[in-house]
Amino acid sequence: MHISPELIWAFINFFLFVVVLARFFWRPVMELLDRRREEIEVNLAAAERAREEAARAEAEYRQRLAAAQREAQSILERATQLAEQERQERLEAARREAEQLLERARATIEREKEQAIAALRREVADLTLLATERVLGRVLDAEDQRRLVTEAVEEVANLR
């Protein structure tokens, strides 16, 4: 078999080319690829930490939201209770005021009734004296007037 010198030179050139590539380009390229791989791993780790932090933040947000909803519900319940209590107090105050008004009205009615009865007694007494004086045709003295008035008042009182 015969090897041509051109083929040998081609092998030598190829071998030198591979050595030069390995010496000057292979290591830098491999180092560049290693740095890129490490950078990707760091970025993936950072992304994982960010995802975990986001998950923690979301869980905290949900807890705070639930706490806020519970607090809002509690405030609403307290407001409802206070409103009901206020309503009951106002109803009770209105009831007491109505009872006081009714009691004052009863007292006023009783007082006016007593005044009317007293006025009626005076009127009956006056009419009795007037009628007696006309029947008798003379003016009665003070003693007779007292006796007639007392009898008329007792008769009117007994009519009730």
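**Legends to close-up views of a predicted model**

**View 1. Charges and overall form of the protein chain.** In the protein chain, the 27 positive and 32 negative charges have mean positions that lie 4 Å apart. The model shown here and in the following views is a predicted one. Its secondary structure consists of two helices and zero strands. Taken along the principal axes, a box of roughly 190 × 25 × 20 Å holds the C-alpha atoms of the protein chain. The radius of gyration is 61 Å, whereas a compact globule of 160 residues would have one near 15 Å. Of the 160 residues, 5% count as buried.

**View 2. The salt bridge between Asp-34 and Arg-37.** The closest N and O atoms of this pair are 3.7 Å apart. Asp-34 and Arg-37 are three residues apart in helix H1 (residues 5-136), so about one helical turn separates them. Asp-34 counts as partly exposed because its relative accessibility is 33%. Arg-37, with a relative accessibility of 41%, also counts as partly exposed. Across the whole structure, a search finds 12 salt bridges.

**View 3. The salt bridge between Glu-60 and Arg-64.** The side chains of these two residues meet with an N to O distance of 2.6 Å. Both residues belong to helix H1, where a spacing of four residues places them about one turn of the helix apart.

View 4. Glu-99 and Arg-95 are about one helical turn from each other because they are four residues apart in helix H1. Glu-99 has a relative accessible area of 45% and is therefore partly exposed. Arg-95 is likewise partly exposed, its relative accessible area being 37%. The pair is part of one network, in which salt bridges with shared partners join Glu-92, Arg-95, Arg-96 and Glu-99.

**View 5. A nonpolar patch on the surface.** The patch is formed by Phe-14, Phe-17, Val-18, Val-20, Leu-21, Phe-24, Phe-25, Trp-26, Val-29, Met-30 and Leu-33. Together these residues have about 1,100 Å² of accessible area. One of them, Trp-26, is located in helix H1. With a relative accessible area of 54%, Trp-26 passes the limit of over 50% and so is exposed.

**View 6. Arg-147 in helix H2.** Helix H2 spans residues 142-159 and contains Arg-147. The relative accessible area of Arg-147 is 42%, and this residue is therefore partly exposed. Arg-147 and Arg-78 are 69 residues apart along the chain, and a distance of 75 Å separates their C-alpha atoms.

Terms used:
Residues numbered from 1 in each chain as written. Predicted model: local features only at pLDDT ≥ 70, side-chain atom pairs only at ≥ 80, totals over all residues. Heavy atoms only, no water. Rg over C-alpha atoms; globule rule 2.2 N^0.38 Å. Buried < 20%, exposed > 50% of the residue type's maximum accessible area, 1.4 Å probe, protein only. Lys, Arg positive; Asp, Glu negative; His and termini not counted. Charge placed at Lys NZ, Arg CZ, Asp CG, Glu CD. Salt bridge = Lys/Arg side-chain N within 4 Å of Asp/Glu carboxyl O. Patch = residues over 30% accessible without salt bridge, like charges linked within 9 Å, V, L, I, M, F, W, Y side chains within 5 Å. Areas by Shrake-Rupley, 256 points an atom, 1.4 Å probe, with all protein chains shown as cover.
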